Amino acid sequence: MSTNVSPKRVGPFPFPKSDPSKRVKDFSEVQQPYTMEEVQDEAKRCLQCGTPVCIDACPVQMDVRGMCEAVSRGDLSTAYKRIRDTNPLLGVTARCCPQLQSLCEDACVMRWDGDPISIGMIQRFVADWEQRESKQPSPEQSKEQTGKRVGIIGGGPAGLAAAELLWRYGHAVTIYEQFGNLGGTAQYGIPDFHLPKDVLSYEIQSISELGVATRTGVIVGSGISLSQLLSDEVDAVLITAGSKDPVKLDTPGIDSQGIYDCYAFLEAVYGKSVVSYVANPTCILGEKILVIGGGDSALDGARTAKRLTQGSVTVVYRRTEKEMPSDPIMVQEAREEGVEFIFLADPAEYVSSGKRLTKVRMNTMELGPPDQTGRRSPQIVKGKDFFMDCDSVLLAVGRGPNSFLQLKEGLKTGRKNSIAVDDHFKTSMRGVFAAGDVVTGETLVVKAMGSGREAAQRVHEYLMNIEDQHISLYETYFVRRSYEMMQADLEGALPPP
Amino acid sequence: MNRPRGIAMPVEYSVKSELGQFSSAKVFRDRVVVATIQRELTGDTLLFSSGGDSWRLSQRVDGEYRPFSIIVKTTSPRSNSMSVAREILKIRDHLFFHNRKMYMLSNVPEGRMQHHIHKGPKYICRLDNFPFEDPSEVDSETRSRLRRFRGVPVGEISGIGHDGHRVWLENELLDIGLPLSASAFLLYTTASWKIRTN
């Protein structure tokens, strides 16, 4: 153990949580905030590394080191300014990022000898302080308006992050959103017990107030075509339509009543409000619910179903817990709330009485040779199938990119009908760019935001005819975020990106 | 120095910087100094071995600065000329290709729980079935899912720079052991500028 570092986090690992027996009966937030004293103590543990690997690991290059330095002095205003510069969804990402999963806290050098800095908790404290106690100035726009107009199709995290950066470059930005509210996955797919809607709404409103125009209820490719949009309304288009297409399964009995797409279920519950869903539920869950899948959405669905029914909820995953792609912290929280897990099992047949699902015949699986990801692939163990009684099933086996627009408009596509782009985020249609989940498939909110920001920079370079002068955002901040600059308090002199 | 866990690996490097020192470090093998690391004002880093070899390490990979990426090229210690430089290692987004095999730094080995990586060492793993042969060719979808990939552990890294960043390697990485150890130090745990004492 090092003699030079304070190894322990201030709060219980991974963060303070509300009582499971109480929280499972409502949709209140699980994660509980630090106090001012705790957050300062935690920020003081930061070593202020010469090369801040936490920033390297952040897809939006958030100035974690600068935040910790300012918070340790109690200067929340400076901390906010530093991290808000590259991250317009501070409160959202503080809560939704799995910081210990290949992100900032995993990269933190403190993890070698002790506990990594609780970056997410510090970030959350600063964001909440700004929202609830002390509204801070918005980031600055370039002094000169470019006169260029950009349309962003899809108002999810990637679109919002891109919209803000394009606005800061001096362009007129309009977001075209299919649904009634902006936010995408953060609005419709993340449970309130992870992300209270007031946090998301506040940050969306802050972006809108900058001057980013919004047109909700517009489906580009249906009411208006991409080429019409380009010829009549904007000079460039950035598509950030996210992921939406459910994976189609051909398991016998898959059409039985009582089998629901988990993503559609989450959208139904959280799309408007939990209260309105409870008043008018669209899924008849019953008391025995099976959730098929091992990702974060499966756990979100299971924990939502538990809260709604107080019944028996079991997550069924075809590999073992070691291969689960979900955040282990979420698995632990789900267990605390009474969600059960069955591993090495996979539905073979959905059995109905009449049309209504009554049980599922499960294959027992075993792990075979590694697949392309290096994880051992699940294989059926013959003669070991078994039945599980249930009233309903939630399928959370992954989502593909939202393929509507590219198929409708004939854009070149890649795997699973994602939009194919080059290294400059350009699609096969001139003036049309794409980023986020619609290109990469379903990923993290913060990764979609990072992709959106990078694409926004490429759109800006295209519009201003300065593509040969490209310097990556990482390099921009790699240089700008020098320790000397921070210590000399020269950051204020930095121009907008 | 004893390895904290895992199977025995034959090669051990330790990279150590002075307390609060950021611009230079020493590389030890079996407690003997075998190289020094010197950071330049340009942001590049020079690695000088005791045997007289030298390398230039730069985070500018495939045309631009990238996180968790480094390129190592041979250079002459006298002229620093890049005209005769030969690339001996390219790491991009934790991935590097060596002797026809893909490797990943900071990977979770197959069969281990993810939460094992929350504390303690990180692993260098060989990705046997990886669908690409050049880190620069990896598509955006695969790149966005790198944390799902699991490999066979052939190296282990641990420790903060000023305490001694330790790198254990299997024989298959021995020929790039020195530049790989220096790269691991630079990418994952450089010296700290400000060290607080208890």
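Two strands count as paired if DSSP finds at least two bridges between them, and strands (E, at least two residues) and helices (H or I, at least four) are DSSP runs numbered from the N terminus. The model is predicted, with pLDDT of at least 70 needed for local features and 80 or more for side-chain atom pairs, while totals for chains, interfaces and linings use all residues. Residues are numbered from 1 along each chain as its sequence is written, chains are lettered from A and ligands numbered from 1 in the order in which they are written, and side-chain values use heavy atoms, leaving out hydrogens and water.

In chain A, five strands in the order S3-S2-S1-S4-S16 make up an open sheet with parallel pairing, whose edge strands, S3 (213-216) and S16 (432-434), each pair on one side only. Within this sheet, S1 (residues 149-153) and S2 (residues 172-177) of chain A run parallel and are joined by five bridges, and Ile153(A) has Tyr176(A) in S2(A) as its bridge partner.

Helix H10 (residues 157-168) of chain A packs on the sheet, touching S1, S2 and S4 (236-239) of chain A, where contact means heavy atoms within 4.5 Å. The direction of H10 makes about 165° with that of S2(A), angles running from 0 to 180 degrees between N-to-C directions, with axes as lines fitted to C-alpha atoms, for helices over the stretch in contact. Helix H20 (residues 445-463) of chain A also packs on the sheet, touching S1, S4 and S16 of chain A, and its direction makes about 170° with that of S4(A).
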